[in-house]
Amino acid sequence: MERLELTAAPGDSGRLDAWLAGQCPTLSRSALQNLIEQGLVTCGGAPVNKKDKVAPGKIYAIDLPDPQPIEARPQNIPLDIVYEDDDLLVVNKPKGMVVHPAPGNPDGTLVNALLYHCAGQLSGIGGAIRPGIVHRIDKDTSGLLVVAKNDAAHQALSAQMSVHSIHRVYHAVVYGNLKEDEGFVEKWLGRDPRDRKKMAVLAENAAGAKYAYTGWQVLERCGNFTYIACKLKTGRTHQIRVHMASTGHPLAGDAVYGPKNCIKSLNGQCLHAKELGFVHPRTGEWMRFDSPLPPYFTEFLTRLRKEHRA
């Protein structure tokens with residue numbers, strides 16, 4: 001059993017289960033509530049209640065049971081399918097949907113929906129938990145993903161990923177006003193040595209450090225925020241979020257890498273996987289897709305524009 005210990009900062013407040021969810025991005029609020037009900041969250045050795053208020057300065061311990069085997073099962077969940085043929089699908093994932101089952105998220109994921117839609121006809125390279133999944137995006141990131149229906153398509157798409165030939169452009173809103181109209185971040189990323197649930201910028205020669213490159217371009221300046229497009233050369237975990245935070249311009253709504261008083265109405269980072277391009281594994285045809293900005297994103301931009309003009 002793994003134990004996490006979290007110390008509440010002087011300015012922390014609100015319901016304990018909500019605060020814990022903000023500190024543990026890999027655990028959903030419902031998963032944390034289940035752990036609390038099982039008596040696995042304690043403060044000073046005493047079990048806590050999910051409705052308790054967080055107490056600044058107190059240390060909260062979360063005991064995580066050893067993971068149990070997870071079996072992904074088909075679920076009839078609506079999918080926004082942009083393209084589909086015998087080899088692959090391109091799916092527009094909504095904000096809030098987890099890509100594949102994991103502890104705390106055993107079902108309701110994109111994989112569960114794909115297993116139902118494809119009647120199990122997905123590549124097996126990703127294993128029983130990640131069938132068909134060539135690449136992932138975070139739960140609270142929306143946008144385009146390519147999914148492989150067979151092993152040959154999976155291998156061909158993964159090969160394109162490994163040589164960075166897949167075209168991927170994300171749109172984001174970041175804090176602050178970027179000085180230049182375009183630029184790039186080229187920094188090595190890996191697990192944060194102080195918090196293994198997070199990623200961080202590491203020295204090039206640090207253990208586990210992986211090269212990462214994010215190019216960015218300003219699309220619109222909105223007062224204290226900037227609307228940007230980010231083109232990925234690599235696809236590391238939380239890459240855009242960590243890279244932009246390292247420049248002093250974290251993503252709006254990002255509770256993990258942004259300011260503590262994040263914009264909660266966004267329900268996570270304002271980040272959308274807008275463009276996706278690749279060579280079709282069977283036909284050799286270059287395919288490119290563009291996903292319109294979802295309502296949460298456009299509504300936030302509209303709000304910023306109004307505030308900027310006021």
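Strand S8 (residues 167-175) and strand S13 are joined by seven bridges and run antiparallel; helices (H or I, at least four residues) and strands (E, at least two) are DSSP runs numbered from the N terminus, and two strands pair if DSSP finds at least two bridges between them. Within this pairing, Val173 has Tyr227 of S13 as its bridge partner. The model is a predicted one, in which local features need pLDDT of at least 70 and side-chain atom pairs count only at pLDDT 80 or more, while totals for chains, interfaces and linings use all residues. Residues are numbered from 1 along each chain as its sequence is written, and side-chain values use heavy atoms, with hydrogens and water left out.

S13 also pairs with strand S12 (residues 213-222), in the antiparallel sense and over eight bridges. Here Gly215 has Lys231 of S13 as its bridge partner. S12 and S13 form a hairpin with two residues between them, and Gly223 in the turn has a positive phi of about 65 degrees. Strand S13 itself (residues 225-232) is mostly covered, seven of its eight residues being buried; buried means under 20% relative accessible area, exposed over 50%, and partly exposed in between, with a 1.4 Å probe and protein chains only.

Leaving aside its neighbours within four places in sequence, Leu114 is in contact (heavy atoms within 4.5 Å) with Leu79, Leu89, Val91, Ala119, Leu122, Ile133 and Val147.

Another part of the model is an open sheet of four strands in the order S1-S4-S2-S3, with antiparallel pairing. Its edge strands, each pairing on one side only, are strand S1 (2-7) and strand S3 (46-47). S3 is joined to strand S2 (residues 41-43) by two bridges, and the two run antiparallel; Cys43 stands opposite Ala46 in S3. Helix H2 (residues 29-37) lies across S2 and strand S4 (59-64), running at about 95 degrees to S4. For this angle, axes are lines fitted to C-alpha atoms, for helices over the stretch in contact, and angles run from 0 to 180 degrees between N-to-C directions.

Charged pairs complete the picture. The structure holds 15 salt bridges, a salt bridge being a side-chain nitrogen of Lys or Arg within 4 Å of a carboxyl oxygen of Asp or Glu. In one of them Asp63 pairs with Arg3, the closest N and O atoms being 2.7 Å apart. This pair links distant parts of the chain, with Asp63 in strand S4 and Arg3 in strand S1, 60 residues apart. Asp63 counts as buried because its relative accessible area is 13%, whereas Arg3, at 46% relative accessibility, counts as partly exposed.

A further salt bridge joins Lys274 and Asp290, with the closest N and O atoms 2.6 Å apart. Lys274 lies in strand S14 and Asp290 in strand S15 (residues 286-290), so the pair ties together parts that are 16 residues apart in sequence. Lys274 is buried, with a relative accessible area of 13%, while Asp290 is partly exposed at 46%.

The side chains of Arg194 and Asp192 also meet in a salt bridge, at 3.5 Å from N to O. Arg194 is exposed, with a relative accessible area of 77%, but Asp192 counts as buried at 6% relative accessibility. Asp138, Arg241 and Asp254 are linked in a network of salt bridges.

Finally, Arg309 is found in helix H6 (residues 295-309). Arg309 counts as exposed because its relative accessibility is 63%. Between Arg309 and Ser162 there are 147 residues of separation in sequence and 44 Å in space, C-alpha to C-alpha.
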